[in-house]
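Please look at the sequence and the structure before reading the solutions.

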Amino acid sequence: MWAQGRPLECLALLPQPAAFPFRRHWLFLFFPAMPQPFDAPQDAAPLVELRGVRFGYGARPIFNELSLAVPRGSVTALMGASGGGKTTLLRLIGGQARAQAGQVLVFGQDVGQMNASQLYTMRRRMGMLFQFGALFTDLSVFENVAFPLREHTSLPEELIRDIVLMKLGAVGLRGARRLMPGEVSGGMARRVALARAIALDPELVMYDEPFAGLDPISLHTAARLIRQLNDALGITSIIVSHDVAETFEIADRIAILADGGIIADGTPAEVAASEHPLVRQFIGVEADGPVQFHYPGPTVEQDFGTEGAA
Ligand SMILES: Nc1ncnc2c1ncn2[C@@H]1O[C@H](COP(=O)(O)OP(=O)(O)O)[C@@H](O)[C@H]1O
Ligand SMILES: [Mg+2]
């Protein structure tokens, strides 16, 4: 069936649960004799590895001797206080920033040693959902998802159409293709952004705060979707999130970033059992802890002139 007639249309017409394994079928369409990657034994090498990374903005240190391994095929969550460097860590992995010491290995290669064309090739294998990543407001839902395909490939229009509809189908929004971003809800817009992030069949997808500003139902949907896309498409996902409950539910590994390094790294159960005070405060076991509620400043007595009063 796949090799005859108009197989891509057949594919686009199939019912599309979120767990539909597009990548496998795509490979099969183009290279019918090729062994399918899902049947291959799992490669033990991490897809992303940071070794002893040091990085700062100007004189301001952000990371000191940071090490982290992201297992292939996993959903790894990066958590930590705002301003701790989570977005910066993703920028190091994407090669938008370079480590000042140590190594950032992605797909087995050192990002710090790459030239512009190697970086471009590497980024072509990654999907990114940026923090506050908005859709292009003057492009339709369809065109938003088509954008990376038009930018990075010279595929014919009918193939772009089929790919876009499949990606939109994967996030449940094939029917919303003609809407403009202003006409969709916040949760739907985030799902369109997910479809855009996976448009080029990336091996690695990085999501920077994909749940920010979502209501609990949309948040749950987006979280499930990230997990399902990861598994169905055989990708590796790194997700920056503040939502402890939902993130602990979907992630295979949790890494907590604080004090310029990873202070806890393990399965959700391992991290939840951590005795580290910052970890305990961060995941909500302790209400107060090393991160103070009050920003350092004058005391109440100094500010309100009650010093010395009874
Ligand atoms: N381009 C930049 N130049 C200078 N400082 C920056 C830049 N980007 C981020 N920072 C600072 O580095 C710190 C870490 O930022 P960021 O990685 O965005 O943290 P997070 O994503 O964990 O909130 C913050 O204090 C931020 O103000
Ligand atoms: Mg950030």
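**Exercise 1.** Determine the handedness of the unit made by β7, helix α8 and β8.

*Solution.* β7, helix α8 (residues 216-233) and β8 make a right-handed β-α-β unit, where right-handed means that, with the strands pointing away from the viewer, the path from the first strand over the helix to the second runs clockwise. Helices (H or I, at least four residues) and strands (E, at least two) are DSSP runs, numbered from the N terminus. The model is predicted, with local features needing pLDDT of at least 70 and side-chain atom pairs pLDDT 80 or more, while totals for chains, interfaces and linings use all residues. Residues are numbered from 1 along each chain as its sequence is written, and chains are lettered from A and ligands numbered from 1 in the order in which they are written.

**Exercise 2.** Identify the strands that pair with β7.

*Solution.* Strand β6 (residues 126-129) runs parallel to β7 and is joined to it by 4 bridges, pairing requiring at least two DSSP bridges; here leucine 129 stands opposite tyrosine 207. Strand β8 (residues 236-240) is also parallel to β7, with 5 bridges, and serine 237 in β8 is the bridge partner of valine 205.

**Exercise 3.** Explain why β7 is described as largely enclosed.

*Solution.* In β7 (residues 204-208), 5 of the 5 residues are buried, so the strand is largely enclosed by the rest of the structure; buried means that 20 or more other C-beta atoms, placed from the backbone, lie within 10 Å of the residue's own. Leu204, Met206 and Asp208 cover one side, and Val205 and Tyr207 the other.

Definitions and conventions
A residue is buried if 20 or more other C-beta atoms lie within 10 Å of its own, exposed if 12 or fewer, and partly exposed in between; C-beta atoms are placed from the backbone.
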